Amino acid sequence: MGHPKKVLEDAVVKRSKWALAMLFLVDGVGFGTWAAHVPVFKQLLHLENGSLTFVLVSLIIGAIITMPITGQLIEHYGSRRVVRVAAVTYVLMVALLAQASNLLFLILFAGLYGAAKGALDVAVNAQAVTVEKQYGAPIMSFFQGCWSAGGLLGAGAASLMLQRGGTAQSDLSLTAGILVLSSLWAMPLLIGEMEREYPKPRRSTKFLWPDAALLRLAALAFFGLMTEGAIGDWASVYLHSNVGVTLSLAAAGYAAYAIAMAAARFSGDWLAQRFRGKNILHASGLLVAVGMSCALLAPSWWPAVGGLMLTGIGIANIVPVIWGAAGRDTRMGAGPAISTVTTIGYCGFLTGPPVIGSLAVVVGLRPAMAVIALAGIIVAAGPLVFSVESTPRTEEVITV
């Protein structure tokens, strides 16, 4: 039998793993529910595409503003405290979205929601690094898988509620109520950083510029998330307009991609125990490039969807590897380092769709989506092309 104190510590860490998994699920469900209701708000408030763009840009700006700030707060107060505040604020903002009665309020509430989501994204990933260190085994991909599953669950539940006569106000309010109960259950079970992670006196809270090694990681995050954002907005459109399938089959094709990505994330920790992070990035980038090429060259639905599923499997573990590596940065600390790669990666996520759309106007959608395959090649080649200093910190962070 193990020492009673050790057994108790292990039980605490295991509970914290499931509590944090619940918060990743909360994050995903909230986002999936919001995304599914964007067309509802568009119809309800009689918005043109240009007006809707202002709403989405407001959300983006809110997230980008709070991500770096959250990193500094984590460094000063620890991830557990920041996660608790961010989770409650996030759920409240989901409820606030339900109250948008005109375009101005929707723009304002979307910005506040984006700010809360950006803060929560950084905070839960920083807490994930803490839990993973104390857990003693790779579990970052498991958490990202919970987020993906939450997104699917939120979108699916929203679809069912809308089919049964639900409204944006009732659906988002109900979702927020469920999420607040889930968050309240999870928050007391989170754990604080170990003393050896924050030796006293704590490191200075003065802002530090990211160094070259961390910026290289952030660049890989940019291209990795660029692929995810582009697929999210254009996969269904491509299947419908270029492959020539019905809208329902196009939606089913995107669902198959999303399910493949979520399933691959749940297997990512098994891979992380057996392969170095840079090798996972090599393979992930190649899968994105090959899968997207197959989808673009396919003449019919089945091979095109097969290519998209392969792309989803490739995308799945890019973020967990990079987020985990950033969390081991000992110069800036986990919070600021994760906020740096998250902010830059999020910019890639948001840049992908308009880049594809702009190119599609000039060369057509099929050639434009080849940018996704190119981004996969960059991710695959990144760890080879980006030379790093031979120091213990950068070897740990970049080569993982």
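**Core, salt bridges and surface of a helical chain**

Setting aside residues up to four places away in sequence, Trp-34 touches Phe-41, Val-55, Leu-56, Leu-59, Leu-97, Leu-106, Tyr-113 and Leu-172. This comes from a predicted model, in which the protein chain has 16 helices and zero strands. Trp-34 also turns up among the residues with the most contacts inside the largest nonpolar core, along with Phe-143, Leu-239 and Met-292. That core has 111 residues, and its largest share, 14 residues, comes from helix α4, which spans residues 103-135. In soluble globular proteins, nonpolar side chains tend to be buried together.

Stepping back to the whole chain, 52% of its 400 residues count as buried. Among contacts between residues at least 6 apart in sequence, 84% join residues at least 24 apart. The accessible surface comes to about 17,400 Å², and carbon and sulfur atoms account for 70% of it.

Charged pairs come next: the count is three salt bridges. One of them joins Lys-117 to Asp-27, with the closest N and O atoms 2.8 Å apart. Lys-117 lies in helix α4 and Asp-27 in helix α1 (residues 4-44), so this pair ties together parts that are 90 residues apart in sequence. Lys-117 also pairs with Asp-121, where the closest N and O atoms are 3.1 Å apart. Those two are four residues apart in helix α4, so about one helical turn separates them. Together, Asp-27, Lys-117 and Asp-121 are linked in a network of salt bridges.

Elsewhere, the side chains of Arg-265 and Glu-228 meet in a salt bridge, at 3.5 Å from N to O. This pair links distant parts of the chain, with Arg-265 in helix α8 (residues 247-266) and Glu-228 in helix α7, 37 residues apart. Both Arg-265 and Glu-228 are buried.

Last, a loop residue: Leu-189 sits between α6 (168-186) and α7 (212-243). Its relative accessibility is 25%, so Leu-189 counts as partly exposed. Leaving aside neighbours within four places in sequence, Leu-189 is in contact with Arg-15, Ser-16 and Ala-19. Leu-189 and Val-13 are 176 residues apart in sequence, yet their C-alpha atoms are 8.8 Å apart in space.

Note on methods: Residues are numbered from 1 along each chain as its sequence is written. This is a predicted model: local features need pLDDT of at least 70, side-chain atom pairs count only at pLDDT 80 or more; totals for chains, interfaces and linings use all residues. Side-chain values use heavy atoms; hydrogens and water are left out. A nonpolar core is a set of buried Ala, Val, Leu, Ile, Met, Phe, Trp, Tyr and Cys residues joined through side-chain atoms within 4.5 Å. Buried means under 20% relative accessible area, exposed over 50%, partly exposed in between (1.4 Å probe, protein chains only). Contact means heavy atoms within 4.5 Å. Accessible areas come from the Shrake-Rupley method with a 1.4 Å probe; for residues, only the protein chains shown count as cover. A salt bridge is a side-chain nitrogen of Lys or Arg within 4 Å of a carboxyl oxygen of Asp or Glu.
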